[in-house]
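This report covers the helix packing, the nonpolar core and the disulfide of one model. The sequence and structure come first.

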Amino acid sequence: MTGENSNAVIQQKVEELRTKFEARVQAIRKKGAEQLGDISDDAPDPSDFEAMLNLTFDVKWKLTSIKFDVPQFSMERETIKFDVPEVKMKTRELKFDVPATRMKRTCIAKKPEFHGPRIKWTCIYADVPEPYMKRVSIKTDIPEFSSKRMEIKFDKPVVKMDRVEIKLHLPQFYLKKLDAQIEGHKEKIEDVAADMTSEISSAQTELKSSLQSEIGQEIELMFDALRESILKERANVETSYNDAIGKTKSAIRILKENNAVDEVSRLEGELAKLVTDYRQLLIDLDAALEEMNAQQHEALSSLKISG
């Protein structure tokens, strides 16, 4: 939901609550007139409650107001740009030398052999282990990395509090000089006036509470929608990075088992970069969420109803 839409909905809620309050005041006045009709047999037609009230009371309308600071939202477009890894596994043949041992027939000593006056030295042979570098070849799936540039665009709310005033005309009931016929019911009539005044006051208190509650709810709905869009993108980022990291770790494990040292070193470097970029991106996204939470808290905290 955009800031403009939210502002319009808040204004609509204010008008709806004002209309409900005014209808409530009218219902309270009508109820009071009906009570007066029960007291006096000479009362006017009960359907004309205005005449009933004006006959008994000097009804004066007092202008009162309810003031409150309501948030007005404007939106600033926020863009977070980042590279998401794309990994394709490609079968490659790797050739490399690994240390190995082989047995080599070697002259380990010489023994003399006597042939008349001549001596001949003859080798004593044995198989002796000899280290050497053995060329091996393996075929395995190696991750090949590419990156896709992505952007998360969202409207960051900017909150400005505007003072709003609802002006209401509320009736004040002043008892007129009563006819002798109903003078004896003065106390009951005064009770009716007190009841109407009390109920109107309660309705005014409920109006303030409803304004606070419903405007606050609208603020929460707007921020919830914004948060949901960012969290959805965050989940996509997690899927892409976790896939790339998982495939890289799997390849490293296989290469280690086959002593492909150079290729292990290269992939471990790629893995370290993946993890670093992943962490930083999550930090940036979480910072945007924290800023949004702070804006919501500010808007709700500033919503104060008075009057």
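## Helix packing

Axes are lines fitted to C-alpha atoms, for helices over the stretch in contact, and angles run from 0 to 180 degrees between N-to-C directions. Helices (H or I, at least four residues) and strands (E, at least two) are DSSP runs, numbered from the N terminus. The model is predicted: local features need pLDDT of at least 70, side-chain atom pairs count only at pLDDT 80 or more, and totals for chains, interfaces and linings use all residues. Residues are numbered from 1 along each chain as its sequence is written, and side-chain values use heavy atoms, with hydrogens and water left out.

The axes of α3 and α4 come within 10 Å, crossing at roughly 170°. Sorted by class, the contact of α3 with α4 has 25 nonpolar, six polar and 10 charged residues. Here Ala, Val, Leu, Ile, Met, Phe, Trp, Tyr, Cys and Pro count as nonpolar, Asp, Glu, Lys and Arg as charged, and the others, Gly among them, as polar.

## Nonpolar core

A nonpolar core is a set of buried Ala, Val, Leu, Ile, Met, Phe, Trp, Tyr and Cys residues joined through side-chain atoms within 4.5 Å. Buried means under 20% relative accessible area, exposed over 50%, and partly exposed in between (1.4 Å probe, protein chains only). The largest such core has 73 residues, of which Phe 57, Phe 68, Leu 211 and Ile 215 touch the most other members. Elements giving two or more residues to this core are α1, α2 (49–56), β1, β2, α3 (186–257) and α4 (261–301); α3 gives the most, with 21 residues.

Contact means heavy atoms within 4.5 Å. Leaving out residues up to four places away in sequence, Ile 215 touches Ile 10, Val 14, Phe 68, Val 70, Pro 71, Ser 210 and Leu 303.

## Leu 36

Leu 36 is in helix α1 (residues 3–39) and is buried, at 3% relative accessibility. Beyond four places in sequence, Leu 36 touches Met 52, Leu 53, Thr 56, Phe 57, Ile 189 and Val 192.

## Disulfide

The whole structure has one disulfide (a pair of cysteine sulfur atoms within 2.5 Å). Cys 107 and Cys 123 form this bond, with sulfur atoms 2.3 Å apart. Cys 107 lies in strand β1 (residues 57–115) and Cys 123 in strand β2 (residues 118–175), so the pair ties together parts 16 residues apart in sequence. The S-S torsion of Cys 107 and Cys 123 is about -90°, so the disulfide is left-handed. Cys 107 is partly exposed at 30% relative accessible area, and Cys 123 is partly exposed at 24%.
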